[in-house]
Amino acid sequence: MYDENHHKTIAKLIDHIGSQAECLRLGFLAKDDNATLHLSPAGMGYLIDVVAGDINALPDAYAAGYKQGQTQARDTSEIS
């Protein structure tokens, strides 16, 4: 059973990763006490940064993650 608010998003994630079990293993999905699947922040980030960014190779994914981390660090230091 999928979270009704994210049914299409969860289905897209499972389709892209290959299986529900792999999405759960990676922490992209979580199950609640009722066995309802929910999209995790990591899963949403993967869809936004990797899938929407059309990143297909591991080095590209690493570079995108590094750039995102640098951007977040700069944003956080400006707040302090």
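Student: Where is the place of Asp 60?

Tutor: Good place to start! In this predicted model, Asp 60 sits in helix H4. Its C-alpha atom is separated by 8.9 Å from that of Val 50, ten residues apart along the chain.

Student: Why is Asp 60 called partly exposed?

Tutor: Asp 60 has a relative accessible area of 43%. Buried would need a value under 20%, and exposed one over 50%. The 43% of Asp 60 falls in between, so Asp 60 is partly exposed.

Student: What elements does the chain have, and how do they run from the N terminus on?

Tutor: The chain has four helices and two strands. From the N terminus on, the elements run α-α-β-β-α-α. The C-alpha atoms fill a box of roughly 40 × 30 × 20 Å along the principal axes.

Student: How many salt bridges does the structure hold, and what makes the pairing of Glu 22 with Arg 25 a salt bridge?

Tutor: The structure holds one salt bridge. In the pair of Glu 22 and Arg 25, the closest N and O atoms are 2.8 Å apart. The cut-off asks for a side-chain nitrogen of Lys or Arg within 4 Å of a carboxyl oxygen of Asp or Glu. At 2.8 Å, Glu 22 and Arg 25 meet that limit, so the pair counts as a salt bridge. As a general point, side chains of opposite charge can pair when their charged atoms come close.

Student: Where do Glu 22 and Arg 25 lie?

Tutor: Both belong to helix H2, residues 20-26, and they are three residues apart, about one turn of the helix.

Student: Is Ser 40 buried or exposed, and how do you know?

Tutor: Ser 40 has a relative accessibility of 11%. Buried means under 20%, so Ser 40 counts as buried. Its place is in the loop between E2 and H3. Leaving aside neighbours within four places in sequence, Ser 40 is in contact with Gly 27, Phe 28 and Leu 29. For the chain of 80 residues, 20% count as buried.

Student: Which residues line the largest pocket, and how much space lies in it?

Tutor: About 150 Å³ of space lies in the largest pocket. Its lining includes Ala 42, Tyr 46, Asp 49, Val 50 and Gln 68. Helix H3 (41-51) and helix H4 (58-79) each supply at least two residues of that lining.

Student: How is the lining of the largest pocket split by class, and why does Gly count as polar there?

Tutor: The lining has five nonpolar, four polar and one charged residues.

Student: Why is Gln 68 called partly exposed?

Tutor: Gln 68 has a relative accessibility of 32%. That value lies between 20% and 50%, so Gln 68 counts as partly exposed. Gln 68 has its place in helix H4. The C-alpha atoms of Gln 68 and Asp 15, 53 residues apart along the chain, are separated by 25 Å.

Key
Residues numbered from 1 in each chain as written. Predicted model: local features only at pLDDT ≥ 70, side-chain atom pairs only at ≥ 80, totals over all residues. Heavy atoms only, no water. 1 Å grid on protein atoms, 1.4 Å probe; cavity = no way out; pocket = protein on both sides within 12 Å on 5 of 7 lines; lining within 4 Å. Points joined across faces, edges and corners; volume = space filled by probe spheres on them. Nonpolar A, V, L, I, M, F, W, Y, C, P; charged D, E, K, R; others polar. Buried < 20%, exposed > 50% of the residue type's maximum accessible area, 1.4 Å probe, protein only. Contact = heavy atoms within 4.5 Å.
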